[in-house]
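The points are grouped by topic.

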Amino acid sequence: MRKAADIEITSLKYADDGMIPNNASCPLLHYKNVIEEHDDTEKILSANNWRGIWQGGVAPYHHYHGITHEVIVIDSGTATLHLGGEEGTKVNVRAGDAVIIPAGFGHKNIESSPDFSVFGAYPDGKEYDFCYGKKEEREEKLKNIRKVPMPDKDPVFGIDGPLFKYWQDV
């Protein structure tokens, strides 16, 4: 694993677009090329109390999680993700990248290589939900997002990780 000082971190923040709320306090963080080939991603996430680890892809439609934050670590392949809802940005990710997605922040897989795979996890192994920007779910989801606590640790770098520099207002 590369050191935090040696990686490029991009933060993305978008306003609520009326469907996807995004997150008023926390930007999405993209840690580029942080995990090295010999690293054990599941062990890193578990050691930092990001649990409920799963492996798979990213859904090909806009969605967000209203009751927890999420991290995805790209295990193999490449993809173009649409982050932040329709008004958001298309971001290229590749094996070794980590994307920390705050509660409420929209994400969608636009296209990916055949070998694209990610590990996903949630702080403290919290339950997760899938939210789609439907009008009837909005009021409840907005309340839930405001209640999601700050994680105890950065999913990659632990207690002193850069996440806490970016997520100060939670």
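How many helices and how many strands does the chain have? In this predicted model, the chain has three helices and nine strands. From the N terminus on, these elements follow the order β-β-α-β-β-β-β-β-β-β-α-α. The radius of gyration is 15 Å, close to the 15 Å that the globule rule gives for 170 residues, so the chain is as compact as a globular protein of that length.

**Overall dimensions and packing**

- The C-alpha trace of the chain spans about 45 × 35 × 25 Å along its principal axes.
- Of the 170 residues in the chain, 50% are buried.
- Among contacts with a separation of 6 or more, 75% are between residues 24 or more positions apart.
- The chain has an accessible surface of about 8300 Å², and carbon and sulfur atoms account for 46% of that area.

**The second largest pocket**

- The second largest pocket holds about 170 Å³ of space.
- This pocket is lined by 13 residues, and the closest to its centre are Ile-35, Glu-36, Glu-37, Ile-74 and Asp-75.
- Two elements, helix H1 (41–47) and strand E4 (70–76), each give two or more residues to the lining of the second largest pocket.
- Strand E4 gives the most to this lining, with three residues.
- By residue class, the lining of the second largest pocket comprises five nonpolar, two polar and six charged residues.

- Gln-55 is located in strand E3, which covers residues 50–56.
- Leaving aside neighbours within four places in sequence, Gln-55 is in contact with Asp-75, Ser-117, Val-118 and Phe-119.
- One of these contacts, Asp-75, is also among the residues closest to the centre of the second largest pocket.
- Gln-55 and Phe-119 are 64 residues apart in sequence, whereas their C-alpha atoms are 4.5 Å apart in space.

Definitions and conventions
Residues numbered from 1 in each chain as written. Predicted model: local features only at pLDDT ≥ 70, side-chain atom pairs only at ≥ 80, totals over all residues. Heavy atoms only, no water. 1 Å grid on protein atoms, 1.4 Å probe; cavity = no way out; pocket = protein on both sides within 12 Å on 5 of 7 lines; lining within 4 Å. Points joined across faces, edges and corners; volume = space filled by probe spheres on them. Helix = DSSP H or I, 4+ residues; strand = E, 2+ residues; numbered from the N terminus. Nonpolar A, V, L, I, M, F, W, Y, C, P; charged D, E, K, R; others polar. Rg over C-alpha atoms; globule rule 2.2 N^0.38 Å. Buried < 20%, exposed > 50% of the residue type's maximum accessible area, 1.4 Å probe, protein only. Contact = heavy atoms within 4.5 Å. Areas by Shrake-Rupley, 256 points an atom, 1.4 Å probe, with all protein chains shown as cover.
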